[in-house]
Amino acid sequence: MNDIMKFDNELSIEKSRTGKRGLHFNCPSCQANIPLEAARKSEPKLPQLSEFDAVRHFTRLSKYNFSVDTHFYPLGSCTMKYNPRINEEVSSLEGFTSLHPMSLDENSQGTLEIIYDAHQRLCELCGMDDATLWPVAGAHGEYTGILLAKKHFSVIGEERDEIIVPDSAHGTNPATASMAGFKTINIQSTPEGLLDIETLKKHLNSKTAVIMMTVPNTLGIFEKNIKTICELSHKNGTLVYMDGANLNALIGLIKPGDFGIDMMHLNMHKTFSTPHGGGGPGAGGILVKKKLSPYLPKPKVEKKDGKYFLNENLPLSIGRIKSHFGNTQVLLRAYAYLLKHGPKEFAEIAENAILNANYVKSALENLFPPYSKEYCMHECVLAPSKELADKGIKTLDIAKRLLDYGFHAPTVYFPLIVHEAIMIEPTETESKETLDSFIETMRKINEEALNNPEFVKNAPHTMPVKRLDEVLAARQPNIKW
Amino acid sequence: MYISNTDQEKKEMLEKIGVKKFEDLISSVPKEFLNPKINLPAALSEIEISKKMRELSEKNKRLKSFVGAGVYDRYTPAAMKAILSRGEFLTAYTPYQPEASQGLLQTIYEYQSSMCALYDMDCSNASMYDGSTSFAEAVKACLRISGKNKILYSAAINPRYIETAKTYLANDPKYIFEEIPLSGGLTDEKYLAEKIDDSTACFAAANPNYFGLIENIEILNKTAKSKNILTICCADPFSLGALKTPGECGFDFAVGEGQSLGLPMSYGGPYLGIFTCRKEHIRQMPGRICGMTKDKDGKRGFVLTLQAREQHIRRDKAASNICSNQALCALGATIYCALLGPKGLKEACMINNSLAVKAAKELTSIKDVKLKYKAPFFNEFVLELPMKASELRKKVSEMFSIDPGLDLSHMGKDFENSLMVCLTETKNESDIFELKKSIEACL
């Protein structure tokens, strides 16, 4: 991936030379007063580098990396869309970044106004009544949502300790349920990849607190019975949580609130174009229907007499879910994205996301059989053909070979219910030309795998490293210098 | 809008798929849900967004701020900003394909190493959301390891950390939180010794504590360890350039708010939750961990490892539900550590401390203004005023465009007149005199 650059994986600590420094301070009359017995005994083992050393070190490392800016990144369920640069610019304005989270409300009006307006816009887009943007990640939002449910049942005096999760769900769903002290009830999907209504009826009982639904689900299929699922659940007193990870398929086209769901989370780093940052920071707000509103985390941004303020006086709130308000700088990016889109533009996001996914699916389905023959929403799930499997080719091999061609691999081996899954989500920001080139490459890899399987099994061949020994890493953990 | 396909291309694509119009692709969606009315303003152009956001940012008042309390006004080195804005880091995903993510993985390894070096601990994960959620996860780890249900904590831990931990335990009454009282603003180890019983899972302290005071964490850990309970230390990573480390005192878990390592305050985030522990607890660590290994040719490489603790493998049996973390912030902290090095960080600590010492001296020379506590402090201290701290704060803010510090009335009745003042390297002596004058004028 870096033909013009010699691969250099020396650690910063190995480049360290005693006496080098990247940043100096001036304080001629400094007189510190730290008692000797409170001082650290030996200096920390941090690298000693000049500023130039550090800049070159990290710039070089940035080159040994795929990213949305540099590569097509069709990771299913991750919505790796383009991250607009205006978002970066406006979220870095010093008036925003220099604001202390415990500033007085009267001095924080700009940021509070944005948070308040973002609540309104997101509720309108999704057909929900109220919002909190405290959670800083999807999973953090899920946990917040499940705590809202827990509070709801405690307020109305019902003891319910089960959460239904379909087997196609993201791993965070069951992990969240058990973190909040619930028992996870897994339900098997139908062969079409949908939640089976009859099975659901069998599992709904007086103990069922919540059902967690992903719409469209992780197979890229719209749960066409979602309204019935909501109705059955509500009849049983059960709340419906929607995992909003796949909202990119619905945005502007469908309001999830219309399904009858009670709450949902948003991933700003998916649908609302904020960058993934190599694994974070994201932002994961929660939208709710009116009845769950009193339980939202505190404080809440509210408006009175034209002024915005943090309301701490919320007796039924689930409490604080982190020290200070959410990943604000990420929310500012998402807000810029909200401003950039009106109703018409939002609908075009979903349309193009769905069009791009179906285009890739239809072009590849004769070589890589899809899980479902139906048209997909924003992503599709394929698998290696029987011919490839007979040659011993695994999904992992195809994923690694794609890297050689300059494409990031799709999500692989997820959803867990699909054997050897290859989950492709192109997103709306990719062009037909890029998709054509990806399709062509997949065909080429298919041919390579049939004619020269060993070559594909040993991929990648052009990355800075070959396949890595993960067993060694886990058996003898070396996690620091 | 950021869509690449032209109308002509869309037409061609629909043709290739074999449908006449887009609607045919979503025939599985019940009609009643499609194309709802959305009542939103029309889209703005990039120029309009730029202007609007600038106007909004100016609605935040830019005060000279002396507020700290766990979030600090730090200088962000220019080189750090430049590297963090590189698209190769900014727009990458979690490094699940290690061959195509060696750069990012190596920075995570360097981050873990830097945090272990600062805290003197054996293991660090790849980051959590913030200090409070790291703390909550450490408490949960202690409950899992010990199988017990009581958490003892110093009354001088950031109260927001305790609130977050309680929320993380779903406010379940089976877990008992008990506060260890203070004497002179410091955690009293005699009370600690008395409070530990058979149901105690862990004890948690902070250094510097919430009031900026330097605790004797060595004695606190020793007292807890003499009764065989687990221990957690919340420590400001910046202060560890100069202060005694949780590791050398023997703590099991050490956590902290990494915002202190050069990240902007940005009204709450994104911050950086630092989570470290001793070797024997590694399998109870939440979140991602990067490890060094070899490729097929024996060349050094990095991968995410020990993933059997995580939600995408273990689902409802996972140590935590965390997926997205704060990777870019962790990278920022790594760059900050590399730019300052051990000497730079120590120097920065000394500047913070000496400015705070100077400010305390100046401010207590004002009539009827005293230090609330006698113990040595790091870079913030609590003043006892002859008036309500909240009133003084409001007055000084309005009249002088200075935020003089945090009023501590949220800590209870004894704190109505308590103002906590914080100094960092972004301030200098003339700022101290300005602060003094403005407080004097408002008392």
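Author: What follows is a set of questions and answers on this predicted model.

Reader: What makes A:Ile211 buried or exposed?

Author: A residue counts as buried if 20 or more other C-beta atoms lie within 10 Å of its own. A:Ile211 has 28 other C-beta atoms within 10 Å, and is therefore buried. A:Ile211 is found in strand 4 (residues 208–214) of chain A.

Reader: Which residues is A:Ile211 in contact with, leaving aside its neighbours within four places in sequence?

Author: They are A:Ile164, A:Ile229, A:Ser233, A:Thr238 and A:Val240. As for A:Val240, it is 29 residues apart from A:Ile211 along the chain, yet 5.1 Å separates the two C-alpha atoms.

Reader: How many of the residues in chain A are buried?

Author: Buried residues are 58% of the 481 in chain A.

Reader: How do you know whether the radius of gyration of chain A agrees with that of a compact globule?

Author: For 481 residues, a compact globule would have a radius of gyration near 23 Å. Chain A has 25 Å, so the value agrees. The C-alpha trace of chain A spans about 75 × 70 × 45 Å along its principal axes.

Reader: What is the secondary structure of chain A?

Author: Chain A has 16 helices and twelve strands. Of its contacts between residues at least 6 apart in sequence, 72% join residues at least 24 apart.

Reader: At what angle do helix 6 and helix 7 of chain A pack?

Author: Helix 6 (residues 138–155) and helix 7 (residues 172–179) of chain A pack at about 45 degrees, and their axes are 9 Å apart.

Reader: How many residues does the contact take from chain A and from chain B?

Author: It takes 168 residues from chain A and 166 from chain B. Helix 11 (residues 343–364) of chain A gives the most to the side of chain A that touches chain B, with eleven residues. That side has 79 nonpolar, 55 polar and 34 charged residues.

Conventions: Residues numbered from 1 in each chain as written. Chains lettered and ligands numbered in written order. Predicted model: local features only at pLDDT ≥ 70, side-chain atom pairs only at ≥ 80, totals over all residues. Axes fitted to C-alpha atoms, helices over the stretch in contact; angles between N-to-C directions. Helix = DSSP H or I, 4+ residues; strand = E, 2+ residues; numbered from the N terminus. Rg over C-alpha atoms; globule rule 2.2 N^0.38 Å. Buried ≥ 20, exposed ≤ 12 C-beta atoms within 10 Å, placed from the backbone. Contact = placed C-beta atoms within 7 Å. Nonpolar A, V, L, I, M, F, W, Y, C, P; charged D, E, K, R; others polar.
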